[in-house]
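Open your viewer and get ready to select residues by number. This tour goes stop by stop.

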Amino acid sequence: MSSSPATCPFDRAESAGPKPAASGTSSKPVLPGRGGTPIYYHSYLQLDKVLSAQTPMSGVAGINGGAGAHDEHLFIVIHQTYELWFKQILHELSDVVRIFSQASVAESQMGTVIHRLRRVTEIQRVLVDQLTILETMTPLDFLEFRDYLFPASGFQSVQFRKIENMLGLDPSRRMRYSGKNYCAYLKQDHSEMLQGLEKQPSMFDLVEKWLERTPFVEFGSFDFWAEYTKAIEAMVQRDRDVVERQADELRLTEEEKQEQLAGIEKTALHFKSLLDEAEYEKLRQRGDRRISFRAMKAALLITLYQDEPMLHLPFQLLRLLMDVDEYFTTWRYRHALMVHRMIGIKLGTGGSSGYAYLRATAQQHKIFGDLFNLSTFIIPRSFLPPLPTGLRRRLSFVNTHQNMGVPVGSAEVAKDE
């Protein structure tokens with residue numbers, strides 16, 4: 001009697017797929033691999049698609065008997081890996097945008113936001129490190145296949161443009177590419193999608209609104225801005241007094257003394273550009289500030305009183321937003337250096353100025369620059385206005401049942417106790 005050869009159960013599983021639940025039943029679906037259809041690692045990751053997606057253009061052109069230039073394979077794998085990481089970053093940012101799109105953000109959700117953004121920064125760290133692998137390719141290795149890539153360019157990465165738009169890159173600050181809008185180099189459907197995304201609330205917009213809802217800037221009789229202004233005035237006056245007192249001790253000339261006093265007055269004027277709302281709005285209109293005056297006050301409050309338990313997670317959020325910005329700036333700059341190393345000052349494959357364009361975007365395409373600038377206005381802890389007892393209790397999670405209704409970023413106004 002003849003018998004058919006034995007087959008691996010996973011071979012059957014690949015074509016069978018998971019068994020659907022019977023129609024009209026309320027039973028849960030059978031979990032694959034848990035009594036249902038076995039799942040095979042290769043099939044689960046769709047590796048037939050992934051591992052066959054590397055097609056060197058130099059090979060299509062017949063270089064090396066159709067095998068192509070050796071290093072083009074690395075070039076493709078690196079960029080495909082970038083796109084996969086971009087997809088994961090978008091996955092994380094989409095959830096953060098969803099949370100911040102709510103009318104108020106509960107304290108219990110802040111931990112999720114911090115976790116998502118921290119994962120993004122770890123991915124960004126990998127993105128920067130990946131360039132060291134690409135730099136194992138020499139300029140001669142790259143020139144073996146570079147001419148076959150025209151006019152494709154990393155500039156056309158739709159996912160990276162989605163990340164920029166989702167984070168909130170200001171369209172007016174976006175560098176023009178060979179004198180044209182970035183969408184001019186994309187397929188029509190990609191261009192329309194990105195232009196639509198520009199009109200949706202970004203991370204910048206949502207965080208700004210969240211900051212504007214912070215209840216503790218004014219708490220009963222406590223006015224943070226008024227107290228902060230007094231602290232600045234006291235700090236500046238102390239500096240004036242120190243110069244006056246030490247002028248004789250250090251035997252300063254009148255010219256040296258006036259020079260030091262002039263420096264203090266410049267500092268005072270700099271603080272005035274922050275403290276005076278009218279002056280602040282002038283800077284916004286000029287493009288030197290972007291975040292709203294109300295949101296900036298809340299961000300400064302969170303930064304100055306970061307040691308208070310309830311403000312610790314909001315402070316981590318602000319730091320992580322700066323980390324995200326800094327990592328992308330670092331990645332752009334490292335990318336620019338790599339391009340300079342590979343092609344010198346030649347034009348990029350997409351027609352841009354190559355190294356010069358990439359170097360400029362590293363400086364121009366920052367998103368949360370206002371948060372970086374807050375450090376300019378930080379004052380020593382010894383000058384911080386003391387918080388009222390009721391506010392300190394709130395910020396210390398005392399009477400938690402009351403605090404849970406007034407998370408940082410809620411629209412409800414806190415009352416003094």
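First, a sorting rule: Ala, Val, Leu, Ile, Met, Phe, Trp, Tyr, Cys and Pro count as nonpolar, Asp, Glu, Lys and Arg as charged, and the others, Gly among them, as polar. Keep in mind that this model is predicted.

**Stop 1: a pocket.** Select Arg173, Gly287, Lys366, Gly369 and Asp370. Of the 14 residues that line the second largest pocket, these lie nearest its centre. The space in this second largest pocket is about 360 Å³. How do the residues of its lining divide into nonpolar, polar and charged? Two are nonpolar, four are polar and eight are charged. Now colour helix H17, residues 369–373. Helix H17 gives the most to this lining, with four residues.

**Stop 2: the nonpolar core.** Select Leu211, Phe224 and Tyr228. The largest nonpolar core has 104 residues, and these three touch the most other members. Next, show helix H15, residues 309–343. Helix H15 gives the most to this core, with 16 residues.

Now zoom in on Leu211. Which residues is Leu211 in contact with, leaving aside its neighbours within four places in sequence? They are Ile291, Ala295, Ala298, Ala299, Ile302 and Leu318.

**Stop 3: a serine.** Go to helix H4, residues 57–60, and pick Ser58. Is Ser58 buried or exposed? Ser58 counts as buried because its relative accessibility is 0%, and buried means under 20%. Leaving aside neighbours within four places in sequence, Ser58 is in contact with Ile63, Gly68, Ala69, Glu72, Phe145 and Tyr148.

Conventions
Residues numbered from 1 in each chain as written. Predicted model: local features only at pLDDT ≥ 70, side-chain atom pairs only at ≥ 80, totals over all residues. Heavy atoms only, no water. Core = buried A, V, L, I, M, F, W, Y, C linked by side-chain atoms within 4.5 Å. Buried < 20%, exposed > 50% of the residue type's maximum accessible area, 1.4 Å probe, protein only. Helix = DSSP H or I, 4+ residues; strand = E, 2+ residues; numbered from the N terminus. Contact = heavy atoms within 4.5 Å. 1 Å grid on protein atoms, 1.4 Å probe; cavity = no way out; pocket = protein on both sides within 12 Å on 5 of 7 lines; lining within 4 Å. Points joined across faces, edges and corners; volume = space filled by probe spheres on them.
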